[in-house]
Amino acid sequence: MPAFSAFDGTTLAYHESGSGSPLICLPGGPMQHSGYLEDLGGLSAHRRLVKLDPRGTGDSATPDDPETYRCDRLVDDVEALRAHLGLDRLTLLGHSAGTNLALMYATRHPARVAALVLVTPSPLVAGIEVTGQERLEVARLRAAEPWFPQAYAAFEAIVAGTGTDWDVIDPFFHGRWDHETRRHQASQAAARNDEAAAVFSSAYDPPATRKAMAALRMPVLVLAGEVDVNTPPVAASRLAALLPGAEQAVLPAAGHFPWRDDPSRFAETIETFLKTAL
């Protein structure tokens, strides 16, 4: 298992697949190991995927100081990975909460980033909130699904602050809800470090981040899923608007894990962008 030493001596692991130009992949969760990214819908056929296990997750060691789980501190882990790989610049892909880390790295080390791919991004680092009504509007696109009535009632209750049936709304995070997707969803909780997740976003500074984002000039792709209630396309669009010249794409009928819903279109969309950007 390839590994390297972080700024504080913590040993961090990463997983490689494919060949070609490296694409550094930062998982979400937050603070979930990179296994759930799989081969990103076959993107490994075009790129050498380098998937980082954040500290305290997967095959990476647990740090002595829990404060190093903060997103702004994890920037130093990404920089250590860049140095370890001997790369002058990184092409970064972040998923969900991992996009916050990708953006914080880009704003601190803009000269070290060749291009950014933000997949179903969390916009919290920029202070963008997603309303409950925006989530429900996306959820209603699934009205023809057999599981919809129970799941939507639970979702309405959660948005209203009176419900807690989070497991019932799981189907809304995926473009399809079959046996394999259920297995994938069930594996998510065990893959996340909840202690680390509680610390991850504690040092966000949205005004400073938005100002720094406005100065970025590298190519950026913001990729949303049409039926993703976690990051509705409207929220992804608001994030893209803060990044000069960012390209936007919405994958039809895809949820929060679009490489699983439409692998070929997902990989083609990203590879087409990278070929043009780099």
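The model is predicted, so local features need pLDDT of at least 70 and side-chain atom pairs count only at pLDDT 80 or more, while totals for chains, interfaces and linings use all residues. Residues are numbered from 1 along each chain as its sequence is written, and side-chain values use heavy atoms, with hydrogens and water left out.

Strands of a sheet pair through backbone hydrogen bonds, either parallel or antiparallel. Here eight strands form an open sheet with mixed pairing, in the order S1-S2-S4-S3-S5-S6-S7-S8. Strands (E, at least two residues) and helices (H or I, at least four residues) are DSSP runs, numbered from the N terminus, and two strands pair if DSSP finds at least two bridges between them. At the edges are strand S1 (3–5) and strand S8 (247–251), each pairing on one side only. From one strand to the next, the twist averages 25°. Strand S2 (residues 11–17) and strand S4 (residues 48–52) run antiparallel and are joined by four bridges; Ser 17 has Leu 49 in S4 as its bridge partner.

Helix H1 (residues 71–85) lies across S1, S2, strand S3 (22–26), S4 and strand S5 (90–95), at about 115° to S1. Helix H8 (residues 233–240) lies across strand S6 (113–119), strand S7 (220–225) and S8, at about 170° to S7. Axes are lines fitted to C-alpha atoms, for helices over the stretch in contact (heavy atoms within 4.5 Å), and angles run from 0 to 180 degrees between N-to-C directions.

A disulfide is a covalent bond between the sulfur atoms of two cysteines. The search, which takes a pair of cysteine sulfur atoms within 2.5 Å as a disulfide, finds zero in the whole structure. The sulfur of Cys 25 is too far for a bond, because the closest cysteine sulfur, in Cys 71, is 17 Å away. Buried means under 20% relative accessible area, exposed over 50%, and partly exposed in between (1.4 Å probe, protein chains only). Cys 25 counts as buried at 0% relative accessibility, and Cys 71 counts as buried at 1%.

A nonpolar core is a set of buried Ala, Val, Leu, Ile, Met, Phe, Trp, Tyr and Cys residues joined through side-chain atoms within 4.5 Å. The largest has 48 residues, and Ile 24, Leu 92 and Leu 116 have the most contacts inside it. H1 gives the most to this core, with seven residues. Beyond its neighbours within four places in sequence, Leu 92 is in contact with residues including Ile 24, Val 78 and Leu 116. Another core, of 23 residues, lies apart; among them are Leu 37, Leu 40, Val 117 and Ile 270.
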